[in-house]
Amino acid sequence: MPYVLLGIAIVLELFGTTFLKASAGFTKLFPTLLTLIFYGACYFFFSRALNSINLSAAYATWCGIGIVAATLISVLIFKESISILGIVGIVLVLAGVIILNTVGMTH
């Protein structure tokens with residue numbers, strides 16, 4: 001269940017980040033309000049996940065998956081480009097998250 005809460009937090013953070021981009025520097029009201037709502041909900045679920053997951057593993061997972069997903073959103077939705085080295089970096093981030101969650105943490 002804690003990783004479900006963490007997953008919900010990650011998804012909400014990605015919605016918040018997407019609407020942050022759409023808010024154009026908080027100049028558009030509707031995307032700005034959605035940004036604040038999604039970030040608030042994100043931190044609620046993240047705080048609940050931290051009751052059972054080590055902070056270092058939870059934060060690394062949140063950031064790692066968030067980086068990969070935000071990159072996909074930027075490429076697919078906002079039509080931004082990514083280089084081959086950027087893709088290599090994304091693979092390394094994923095590898096780091098997997099290593100940290102499988103063998104890098106003592107419980």
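A crossing of two helices is left-handed if the near helix is turned anticlockwise from the far one by less than a right angle, and right-handed if clockwise. The model is predicted, with local features needing pLDDT of at least 70 and side-chain atom pairs pLDDT 80 or more, while totals for chains, interfaces and linings use all residues. Residues are numbered from 1 along each chain as its sequence is written, and side-chain values use heavy atoms, leaving out hydrogens and water.

**Exercise 1.** Describe how α2 and α3 cross, and find the residues in contact.

Helices are DSSP runs of H or I, at least four residues, numbered from the N terminus. Start with the axes, which are lines fitted to C-alpha atoms over the stretch in contact, with angles from 0 to 180 degrees between N-to-C directions. Those of α2 (residues 29-49) and α3 (residues 55-76) come within 11 Å and cross at roughly 145 degrees. Next, the handedness: this crossing is right-handed. Finally, look for contact (heavy atoms within 4.5 Å). C42, Y43 and F46 of α2 meet A58, Y59 and W62 of α3.

**Exercise 2.** Decide whether C42 is buried or exposed.

Buried means under 20% relative accessible area, exposed over 50%, and partly exposed in between (1.4 Å probe, protein chains only). C42 has 0%, so C42 is buried. For comparison, C63 has 29% and is partly exposed.

How values were computed:
Helices (H or I, at least four residues) and strands (E, at least two) are DSSP runs, numbered from the N terminus.
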